[in-house]
Amino acid sequence: MRTETEADGRIALIQSDIWIGFPRAEQVLDRLQGLIEMPRQTRMPGLLVHGASGIGKTMIARNLSRRYAPEYDPESGITRTPLLLLQAPPAPDERRFYMHILAAVGAPSSALSLRAQSVASLEVRVVGLLRDLGLRMIMIDEVHNLLAGTHREQRRFLNVLRYLSNELEASLVCFGVSEAVDAIRGDVQLARRLDEHHLPNWRDDAEFSDMIQTLIAAMPLAKKSNLKVKSLKQILALTGGVTSRVFSLVKDLSIDAIVTGQECITDDAVAKWTPVWSRHANTQRRLEKARA
């Protein structure tokens, strides 16, 4: 009989971040790895990865970031940082962005002294520091945040990204929802340098079936889950083909399977499962109806 501690450990594992190397993700990672390993040149090529929220962009960015984690060089006494992963500020603000970069690399300065510096001085400091770190790629997640600014602010922020890429001879990679594509295209020079890679929602095909089966197999369940095609179609319908929702569904069902002792995901469990987002909506509707 399985102990409660053992079950808790498996549940904790399910609740943690899980990387599943399905082909569409590996394809993007291969392109990114090719960029970061590319010899430096005056105008480094880059990539814009876009798709619906929750489709897996951040997951891919973090996976590459772990592959190229900072490494300390004892001979030079410098920590080499080939890749810097940043989240775009809530609005296209140059000062905030430069301060965010300094904080990300552990620059030893107080926030007060940084705020007192001009944007130009922050720019010089950031470029010098990133060059010393041997940076080869800048990845900006949530780049669609720039849409919160005016057209002028968007252009200035894009100029900053292009400038950093030029000065450091580093590849620029942006991740965002598809609405950000038009904003990026607004800077013609930057758009020419960034190839576009669209991550579509999952569809009812063999690729989706393989992904689901691989994901379920990665769950620490004692028994094999043999779902029918009807259940796979149900999963697709419930999640809208959004990766994060697919992961949420499979994790929920896996935890339930451990708690109940079923130890596998069944067709009946899929049929009865309701999305978290739907549960909250139903609760809210009941509360509103009770107040009426």
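**Exercise 1. Find the domains and say how they touch.**

Step 1. The domain assignment, automatic or taken from a database, gives domain 1 (23-199) and domain 2 (202-290) in the protein chain. This is a predicted model, where local features need pLDDT of at least 70 and side-chain atom pairs count only at pLDDT 80 or more, while totals for chains, interfaces and linings use all residues. Residues are numbered from 1 along each chain as its sequence is written, and side-chain values use heavy atoms, leaving out hydrogens and water.

Step 2. Taken over C-alpha atoms, the centres of domain 1 and domain 2 are 35 Å apart.

Step 3. Look for contacts (heavy atoms within 4.5 Å): six residues of domain 1 touch seven residues of domain 2.

Step 4. Between them the two domains bury about 520 Å², with 56% of it on carbon and sulfur atoms. Buried area is the accessible area (1.4 Å probe) that two parts lose on being put together, summed over both. On the side of domain 1, R24, G54 and I55 lose the most area to domain 2, together 74% of what that side buries.

**Exercise 2. Which side chains meet in a salt bridge at 3.7 Å, N to O?**

Step 1. Apply the rule: a side-chain nitrogen of Lys or Arg within 4 Å of a carboxyl oxygen of Asp or Glu.

Step 2. Between domain 1 and domain 2 the count is one salt bridge. The side chains of R24 and E207 meet in a salt bridge at 3.7 Å, N to O.

**Exercise 3. Check the confidence.**

Step 1. On pLDDT, the predictor's confidence in each residue from 0 to 100, the protein chain averages 88.

Step 2. Over residues 280-285, pLDDT stays under 50. Where pLDDT is low, the predicted coordinates should not be read in detail.
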